[in-house]
Amino acid sequence: MRVMAQMAMVMNLDKCIGCHTCSVTCKQAWTNRAGTEYVWFNNVETRPGLGYPRRYEDQEEWKGGWTLNKRGRLALKGGGRLRKLATIFSNPKMPSIQDYYEPWTYDYETLTSSPATDNFPVARPKSLLTGKNMTIKWSANWDDNLGGSREHASRDLMLKGIEEKVKMEFEETFMFYLPRICEHCLNPSCAASCPSGAIYKRAEDGIVLVDQDRCRGWRMCVSGCPYKKVYFNHRTGKAEKCTFCYPRLEVGLPTVCSETCVGRLRYIGLVLYDADKVLEQASIEDEKALYAAQRACFLDPDDPEVQRAAEAAGIPADWMEAARRSPVWALINRYEVALPLHPEYRTMPMVWYIPPLSPVVDVIKDTGFDAEDRGNLFAAIEALRIPVEYLANLFTAGDVPTVEGVLRKLAAMRSYMRDINLGRDPDESIPAAVGMDGETMYDMFRLLAIAKYEDRYVIPSAHAEQAHALEELATECSLEFDGGPGMYDSGPFGEGSGRPVPVAVENFQMLKDRQTSDTLAAPDDKATRVNLLNWDGKGVPSGLFPPRPDATPDRPDAGLTGGTGGRGSGA
Amino acid sequence: MDQFLWVVVPYLCLATFVVGHFWRYRYDKFGWTTRSSQLYEDKLLRLGSPLFHFGMLGVVGGHVIGLLVPRSWTDAIGIDDHLYHYVAVGGGLAAGVAAVAGMVILIYRRRTVGPVFSATTAMDKVMYLFLAVVIFLGMWNTIAGSIFTLGGEYNYREGVSVWYRSFLAFQPDASLMADAPIGFQLHALTAFALFALWPFTRLVHVFSAPVGYLTRPYIVYRSRETTLSSHRPRQGWDEPANR
């Protein structure tokens, strides 16, 4: 037994309202830079839908993840080491920018600089790759809320086997949102595909990271990841991916996407697993058994034997305590309501999902029946094959009974809690019908519905004795390195070349830069431009307002208009 | 003049090559990449890039044999001049044509595909110029010199190769190069200029050829302590920057 700790996430899909706050805050924090315009470490997909990049789930086309070879051994679907090296000069399975979308901005300047004309001036879309006018044909959320789904959604791969039953008619369809980040897999195929060995799994918390100093831009990780969650920064020529916000996690803070989630649907916690078992369990032949196989890798933090092995493996006591209190562990193992996304890719993903009951509830509600009655809900789960089979294609490689079991638990919780909320006697036969007792069901309700901050996020921080060297704290003064913060400018060998800049310093510089610019390239008047999205309303960046008519040369603008101008604009 | 061209200049270029790589690796690990443009355009790259790169691997292999293997060695294993010439020109021509065809496709792509062109740096353009000239001169020497024997018979294995080995042994004999045809002289000079430019261009990715991939385990684990990249403990001899 080789005990390792893994930082993992669970998302409760019933609570996702598709507001994209997670995507936007993640983008502001991590990918608001040249070269990553098209990159969304976190994105929210409407399902049924094509996803981002389009049809990324079609592994017969993209060849991501693992597969079993003829001898029944686990092998990269995109080909082994020799094949990778033979195709290194041109990756045959690399998605093109059009599979994501061509990033663009608008030519806002014409709106303000246009002379008086008969027609309104128009801000035309400009490609962020070429700077030329372009026609917008697709983006990361083109089919948001089933927009255009009559045309597109039938190409959703998860509809396989149920295509003829699904009507994309407005009244008859179902939908839910699927937020996605990097899965930080136990068996990451991106890392296995990297010729340079730049992608690694952190031994302490299992976070999968790209060493930017070792990445050489071979692009094999992009095609190797079946979730298409490793991106190529086309300006720096390096791969980038979701970092699980490791600088925040190290000091005990949840990721940006979790922290800002409006629906409070994300849970972060530790899971212990046996690293020696991963390969064997990922190689199980029956795809439908892979959900159970992955669970077989996990170790119970309450088991004394596991505790001893963990201590021997150097996992600190406070981490063990966090593993025992982990909401992720509870949702996966105690309540058994969380499921992995696409276990059939055999990467052992570690961002799990509680499948949504809402497609079922909505149908009952629309028919006028009681949507909180256990009998109605159970019957509907049986009867509504389409959403249930669709969910099974997403979360259990098509194994319907597992998904049904989870949905029945959620349905049971719904009707059990209604009795309690209405002051009736709780009906203990309801939890018993799904194999739980009343107390456990109530605990599950507390975790899912009340979802207190300290229950959702149980994050043991990195140890104090290392704190001076952590990215976010950086008491080892982070400005004290070659060139200091000025280093952020482009180096002589293209975007971002030169010595690495600590994340905290880079973010500070970036925010400062952003507050004074809003364009892709560097226009002549860059220094005088202001990005309103980043303006916090305090002070007056120069150039935001026209100079005051009474301003005299001996009273500098910055000081004077700084106070009055700001307040004036707010009124 | 001969001493300057065939001793001073080559050693200067070699020194720039070595020191430049050392410096670039120390200063700019982050910028050490292929700067791939595959994301922008796929069809032309899929054709041109393998053609060029595999062609270049052949060309480099041919140069290693032609420059580093003395004539006496091939004589010793019974390869006569005629056979050697036949293999060298045949192999060289095949590799060279592939490399040139690939390069033409890649340069055409770089110029005509909008996003690729706007991602091209000034250093890229200089590098392309030198690379193209070196390859063109090399092809000229092979075709005009070895096949049609324009400007008389010249066996580079008696001249250029011997000089190159003497150069690597730090006992350069400039007269050998001074007697070589102008095509060979220009090819060697531009090649050395390219070597001097090398560490400052994207060509550094040549030295990242991921052969280690063949032997390492698939999944790499690393401990946090060794990966605090931007906060590596300062070396004892480093003065704090602003104190």
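Mentor: Helix axes here are lines fitted to C-alpha atoms over the stretch in contact, and angles run from 0 to 180 degrees between N-to-C directions. The model under discussion is predicted.

Trainee: At roughly what angle do the axes of H18 and H19 of chain A cross?

Mentor: Helix H18 of chain A covers residues 385-395 and helix H19 of chain A covers residues 400-421. Their axes come within 8 Å of each other. The angle is roughly 110°.

Trainee: In E12(A), what is the bridge partner of A:Val3?

Mentor: Strand E1 (residues 3-12) and strand E12 (residues 266-274) of chain A run antiparallel and are joined by 9 bridges. The bridge partner of A:Val3 in E12(A) is A:Asp274.

Trainee: Why is helix H15 of chain A largely enclosed by the rest of the structure, and how many of its residues are buried?

Mentor: A residue counts as buried if 20 or more other C-beta atoms lie within 10 Å of its own. In H15(A), the residues that count as buried are A:Pro327, A:Val328, A:Trp329, A:Ala330, A:Leu331 and A:Ile332. The helix is therefore largely enclosed by the rest of the structure, with a buried count, out of 8 residues, of 6.

Trainee: How many residues has the largest nonpolar core?

Mentor: The residues with the most contacts inside this core are A:Val10, A:Val328 and A:Leu331. A:Val328 touches, among others, A:Ala8, A:Met9, A:Val10 and A:Tyr267. The number of residues in the largest nonpolar core is 144.

Trainee: In which sense do E8 of chain A and E1(B) pair?

Mentor: An open sheet of 3 strands has the order E9(A)-E8(A)-E1(B). Strand E9 of chain A and strand E1 of chain B stand at its edges, each with a single partner strand, so one side of each is left without a neighbour in the sheet. A:Lys201 stands opposite B:Tyr221 in E1(B). Over 2 bridges, the sense in which E8 of chain A and E1(B) pair is parallel.

Trainee: Does A:Trp218 count as buried or exposed?

Mentor: A:Trp218 lies in the loop between E9 and helix H8 of chain A. Residues of both chains touch A:Trp218, including A:Ile88, A:Pro195, B:Thr34 and B:Pro210. With 26 C-beta neighbours inside 10 Å, A:Trp218 counts as buried.

Trainee: What percentage of the residues of chain B count as buried?

Mentor: The secondary structure of chain B comes to 9 helices and 1 strand. Its C-alpha atoms fill a box of roughly 65 × 45 × 40 Å along the principal axes. Of its 243 residues, the percentage that count as buried is 29%.

Terms used
Residues are numbered from 1 along each chain as its sequence is written. Chains are lettered from A and ligands numbered from 1 in the order in which they are written. This is a predicted model: local features need pLDDT of at least 70, side-chain atom pairs count only at pLDDT 80 or more; totals for chains, interfaces and linings use all residues. A residue is buried if 20 or more other C-beta atoms lie within 10 Å of its own, exposed if 12 or fewer, and partly exposed in between; C-beta atoms are placed from the backbone. Helices (H or I, at least four residues) and strands (E, at least two) are DSSP runs, numbered from the N terminus. A nonpolar core is a set of buried Ala, Val, Leu, Ile, Met, Phe, Trp, Tyr and Cys residues joined through C-beta atoms within 7 Å. Two residues are in contact if their C-beta atoms, placed from the backbone, lie within 7 Å. Two strands pair if DSSP finds at least two bridges between them. Lists of a residue's contacts leave out its neighbours within four places in sequence.
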